[in-house]
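Could you walk me through this structure, with the sequence alongside?

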Amino acid sequence: MKHLWLLFCLGFILNFNILAINNIPVIYQIDIHKEISPTTRLYLSNGIQEAQSIHAKAIIINMNTYGGTVEDADSMRSAILYSPIPVYTYINNNAASAGALIAIASQKIFMVKGANIGAATVVEQTGNAAPDKYQSYMRGMMRTTAESHGKDTIISSHDTIFKWKRDPHIAEAMVDQSIYIPHINDSGKVITFSTEEAIKHGYCDGIVNNVDELIKDQLHYKEYQLVTYKPSVWEDIKGFLMNPVFQGILIMIIVAGIYFELQSPGIGFPAIAACVAAVLYFTPLCIDGVAEYWEIIIFIIGLILIALEIFVIPGFGIAGISGIILTISGLVLALLNNTNFNFESVAMPDLSRSILTVMCGIFVGFALMIYMSSRIGEPGLFRKIALHTNIESSIITHEEKNSLTGKTGIAVTILKPSGKVMIADEIFDAIAEVSYIDEGTPVKVTRQEAAQIYVDIC
C-alpha cells in the first residue's frame, strides 16, 4: 500500500509538471531574411498553419528584406490580415518595398535602432520605376492595409478626435513621391522612415534589440516557449520552381521543344524536354492551388492540337493555330490566382505579370534558338556540339560525281518541311521547297547545297 501511495504521488508530480509546461505560452517565429518571393510566401503560409496547429499565442515575423515581387507581397499581407493569431513584425534591419507592405499588415511593428521602413515604389527589372498603373495598384494596397488597423479615439477637453493608427496617406507616400504631406514628405521623394521617425508617425510601436526583449517587454510574456519555423527542402524547391525567372526558362524550353518537333517530326529529345518542363511548370502551381485543373486541360488540348497538326493533318491551319493559342492561354491562366472561372480577385498587374512572363519566355526562347543556331561550330563552347571535320569538300566532290539534281524519287516520310526521301533506292534527308509534302508523294530534286538536298512535288 505504501508503494502504491508513493507511485501515486510521483505520478501526480509528473502530471503537474506536464500541465505546467503545457501552460507555458508558445510564441512562433518566422524568419524572412531574403527577398519577397514565392519561397518566402510559402514560409509565411505554412508557418501560420503550423502556429495554429500548436496553438501559439502570437506570431513574430523576424524581417530583414529589401523587397521583392508585388504579387507575393500581396498574398503575404492578406495572410497576415486574416490570421486568427496576432502577427507582429520585428524589423532587425530593413523592411523596404514589398517588405514595408507586409510589415504594415501586422498588428504591431517593432524595430531595432538604425532600421528602416518604406521606399515601396514598384520598379521594373531594370531598376526604373514601373508605369503608373502598377504604382496605383501598390498605392491602393498600402492605403487599404494601413486603414485596416482603424482609428484611435482621442478625447480632449471639448473635442473627440479620431486619428488613424497608421496614416494611410503616409503609406501611399511610401510609394508615390508626388504625394505631399506637410513636414513629412515635402522633398519630392518617397518616404523611408528611420526607427525614430517611424515611432513619431505611428509606423513603429517600440524599439527592441532582439526577439526576447520584444516578447518580454512588449508582449508581456515573462515565460514563454519560442518555436522557430524550419522550412523543408521541398518548400525551397517549390519556391524556386515558382520563381518568375525560372518559370520563364521553363516556358522557353516548352516553346523550343515544340518548335523543334515542328521542324523535325518524331518523338525525341525536344518533345521529352518540353514535357518535363511542362510538368515542372504546372506541378508546384497545382499543388499550391494557383493553377486550376481546367487550365492544365486547356494546355494539354493545345499540345494535342499541335501534335495532330504535326503528325496527322496536312499543312498548317486551324488546328495548329488553335493549339498555339490554347497552349499560351493555359500557361498564362495557370499563373493567375483565380477560383474556377471567377477572375474577380485577379488584379490587372497580376494579369500583366502573367502575360509578360509567358511572352518573355516565348520571345527570348526564339531569340536564343536563332542565336545558338548561328553560333554552332564556332570556337568555344558551341564548337563542342558540332562536327569538327570539314566534310563539305568531300561531299562536294561526291556531288560532282553523283549529282542528284533533277533526279526523281518518292517521299518516304512526311516532309514538314524536313523529312526523308528515296532516290535511286537510297534514303536521303531532304527539305521540301513547299511547306508540306505528304508521305508517298513523287518528288524531284531541285537543288543541292553542301550535305542538304531540296525537293519539290513532281
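Tyr281, Phe282 and Phe299 come together as one aromatic cluster. This is a predicted model, so treat every distance that follows as a property of the prediction. The structure holds five aromatic pairs. In the pair formed by Tyr281 and Phe282, the rings sit edge-to-face, with 5.0 Å from centre to centre and 80° between the planes. Are these two residues buried or exposed? Tyr281 is buried, with a relative accessible area of 0%, and Phe282 is buried too, at 6%. The cut-off for calling a residue buried is under 20% relative accessible area.

Another of the aromatic pairs joins Phe240 and Phe246; this pair is tilted, with the centres 4.6 Å apart and 40° between the planes. Phe246 has a relative accessibility of 17%, so it counts as buried.

Lys151 lies over the face of Trp164, 4.6 Å from the ring centre.

The largest nonpolar core has 64 residues, and the members that touch the most others are Ile117, Met142, Met174 and Tyr203. Which helix gives this core its largest share? Helix H4, residues 98-105, supplies seven residues, the largest share. Eight of the eight residues of H4 are buried, so this helix is largely enclosed by the rest of the structure. Among the buried residues of H4 are Ala98, Leu101, Ile102 and Ile104. What do the buried residues of H4 pack against? Their partners are strands S2 (58-65), S3 (87-96), S4 (108-111) and S5 (116-118), together with helices H3 and H5 (132-147).

Apart from neighbours within four places in sequence, Met142 is in contact with Leu101, Ile104, Ala120, Ala171, Met174 and Val175. There is also a second, separate core of 24 residues, which includes Val255, Val290, Ile306 and Val332.

Val190 lets you look at a loop, the one between helix H6 (168-173) and strand S8 (192-194). With a relative accessible area of 26%, Val190 is partly exposed. Even so, Val190 touches Ala119, Thr121, Ala173, Met174, Val175, Asp176 and Gln177, if residues up to four places away in sequence are not counted. Tyr180 is ten residues from Val190 in sequence, and their C-alpha atoms are 9.9 Å apart in space.

Asp72 has 3% relative accessibility, so it counts as buried. What does the side chain of Asp72 meet? A polar contact of 2.9 Å joins it to the side chain of Arg41. Beyond four places in sequence, Asp72 is in contact with Ile36, Ser37, Pro38 and Arg41. Glu71 is also buried, with a relative accessible area of 16%, and its contacts, leaving aside neighbours within four places, are Leu335, Asp350 and Arg353.

Glu309 is another buried acidic residue, with a relative accessible area of 1%. Glu309 is found in helix H12, residues 293-311. Between Glu309 and Ile321 there are 9.2 Å in space, C-alpha to C-alpha, and the two are twelve residues apart in sequence.

Finally, how far can you trust each part of the model? The protein averages a pLDDT of 81, and 81% of the residues score at least 70. Where pLDDT is low, the predicted coordinates should not be read in detail.

Note on methods. Residues are numbered from 1 along each chain as its sequence is written. Side-chain values use heavy atoms; hydrogens and water are left out. Buried means under 20% relative accessible area, exposed over 50%, partly exposed in between (1.4 Å probe, protein chains only). A polar contact is a pair of N or O atoms within 3.5 Å; within protein, one must be able to donate a hydrogen and the other to accept it, and residues adjacent in sequence count only if both atoms are side-chain atoms. Contact means heavy atoms within 4.5 Å. Rings of Phe, Tyr and Trp (its six-membered ring) pair if their centres lie within 6.5 Å; planes under 30 degrees apart count as stacked, over 60 as edge-to-face and the rest as tilted. A charge sits over a ring if NZ of Lys or CZ of Arg is within 6 Å of the ring centre and within 35 degrees of the ring normal. Helices (H or I, at least four residues) and strands (E, at least two) are DSSP runs, numbered from the N terminus. A nonpolar core is a set of buried Ala, Val, Leu, Ile, Met, Phe, Trp, Tyr and Cys residues joined through side-chain atoms within 4.5 Å. pLDDT is the predictor's confidence in each residue, from 0 to 100.
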